[in-house]
Amino acid sequence: MSAYLDVALYLAFPVAMALGAICDLTTMTIPNRLSAALALLFPFAAVALGMPIAVFGMHLVAGFVVLAVGILFFSRGWIGGGDAKLAAAVALWFGFDQLIPFVTYAGMLGGLLTVGILIFRSWMLPAFALRHQWVARLHDVNVGVPYGIAIAAGAMLIYAETPFASLASGLL
């Protein structure tokens with residue numbers, strides 16, 4: 001593959017994480033097409049990396065395990081469906097090698113995010129801030145926490161440690 005395609009595949013993951021976090025913050029929704037695109041790009045990145053088929057298979061298993069756990073958590077109302085799908089797509093890229101650090105970072109950052117939002121929700125906001133629909137939604141105590149932000153941040157803390165980081169080494 002060309003070096004430019006390698007760089008594009010390398011950048012696809014961080015761009016998807018940024019978009020997922022921004023969408024979740026502003027709409028409390030992570031688009032299905034974002035998680036699907038991330039999952040569909042993984043085989044191309046794996047081929048570009050020269051990933052052995054057995055390792056590729058284990059990445060698929062990691063993605064399915066996280067999706068199953070995410071569906072369970074979603075069914076109990078603990079996380080949103082978009083969070084479950086995004087976490088599964090991330091696990092697909094990370095495999096079991098980086099899964100525990102990813103889940104640890106996402107969990108810790110999610111806890112900090114939750115505390116921060118609870119503090120934010122205790123403040124009286126000026127009227128001009130509440131005119132922005134996403135700020136009003138974020139301030140609403142009856143709305144959940146945009147956990148996609150923690151998932152994306154946790155993923156980005158790990159991404160440089162993955163083999164995919166080498167895809168862009170020739171041009172960046």
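User: Which helix holds Asp24, and is Asp24 buried or exposed?

Analyst: Asp24 is found in helix H1, where helices (H or I, at least four residues) and strands (E, at least two) are DSSP runs, numbered from the N terminus. This is a predicted model, in which local features need pLDDT of at least 70, side-chain atom pairs count only at pLDDT 80 or more, and totals for chains, interfaces and linings use all residues. Residues are numbered from 1 along each chain as its sequence is written, and side-chain values use heavy atoms, with hydrogens and water left out. Buried means under 20% relative accessible area, exposed over 50%, and partly exposed in between (1.4 Å probe, protein chains only), so with a relative accessible area of 4% Asp24 is buried.

User: What does Asp24 contact beyond its sequence neighbours?

Analyst: Contact means heavy atoms within 4.5 Å. The C-alpha atoms of Asp24 and Gly148 are 5.8 Å apart in space, though the two are 124 residues apart in sequence. Leaving aside neighbours within four places in sequence, the contacts of Asp24 are Thr29, Ile30, Asp83, Pro146, Tyr147, Gly148 and Ile149.

User: How far is Ala21 from Gly148, C-alpha to C-alpha?

Analyst: Ala21 is found in helix H1 and is buried, with a relative accessible area of 16%. With neighbours within four places in sequence set aside, Ala21 is in contact with Gly148, Ile149 and Ala152. Ala21 and Gly148 are 127 residues apart in sequence, and their C-alpha distance is 5.3 Å.

User: And how far apart in space are Ala36 and Gly148?

Analyst: Ala36 has its place in helix H2. At 35% relative accessibility, Ala36 counts as partly exposed. Ala36 and Gly148 are 112 residues apart in sequence, and C-alpha to C-alpha they are 15 Å apart.

User: What is phi of Met28?

Analyst: Met28 is in the loop between H1 and H2, and a relative accessible area of 23% makes it partly exposed. Most residues other than glycine have a negative phi. Met28 has a positive value, near 60 degrees.

User: Which residues have the most contacts inside the largest nonpolar core?

Analyst: A nonpolar core is a set of buried Ala, Val, Leu, Ile, Met, Phe, Trp, Tyr and Cys residues joined through side-chain atoms within 4.5 Å. The largest one has 34 residues, and those with the most contacts inside it are Phe13, Met17, Trp93, Phe94 and Phe102.

User: Which helix gives the largest share of this core?

Analyst: At least two residues of this core come from each of H1 (3–27), H2 (32–49), H3 (53–75), H4 (81–94), H5 (99–122) and H8 (148–159). The largest share is 9 residues, and it comes from H4.

User: What is Trp93 in contact with?

Analyst: Trp93 is among the residues with the most contacts inside the largest core. Leaving aside neighbours within four places in sequence, the contacts of Trp93 are Leu9, Phe13, Leu38, Leu41, Phe42, Ala45, His59, Tyr159 and Phe164. As for a second, separate core, it has 8 residues, including Leu113, Ala129, Leu138 and Ala150.

User: Is Gln98 buried or exposed, given its place in the loop between H4 and H5?

Analyst: Gln98 does lie in the loop between H4 and H5. Not counting residues up to four places away in sequence, Gln98 touches Ile158, Glu161, Thr162 and Pro163. At 13% relative accessibility, Gln98 counts as buried.

User: What about Met124, buried or exposed?

Analyst: Met124 is found in the loop between H5 and helix H6 (127–130). Its C-alpha atom is separated by 9.4 Å from that of His139, 15 residues apart along the chain. At 79% relative accessibility, Met124 counts as exposed.

User: Stepping back, what radius of gyration does the protein chain have?

Analyst: The protein chain has 8 helices and 0 strands, and its C-alpha atoms fill a box of roughly 55 × 35 × 25 Å, taken along the principal axes. The radius of gyration is taken over C-alpha atoms, and the globule rule is 2.2 Å times the number of residues to the power 0.38. With 172 residues a compact globule would be near 16 Å, which agrees with the chain's value of 17 Å.

User: What percentage of the residues in the protein chain is buried?

Analyst: Among contacts between residues at least 6 apart in sequence, 75% join residues at least 24 apart. Out of the 172 residues in the protein chain, the buried part is 39%.
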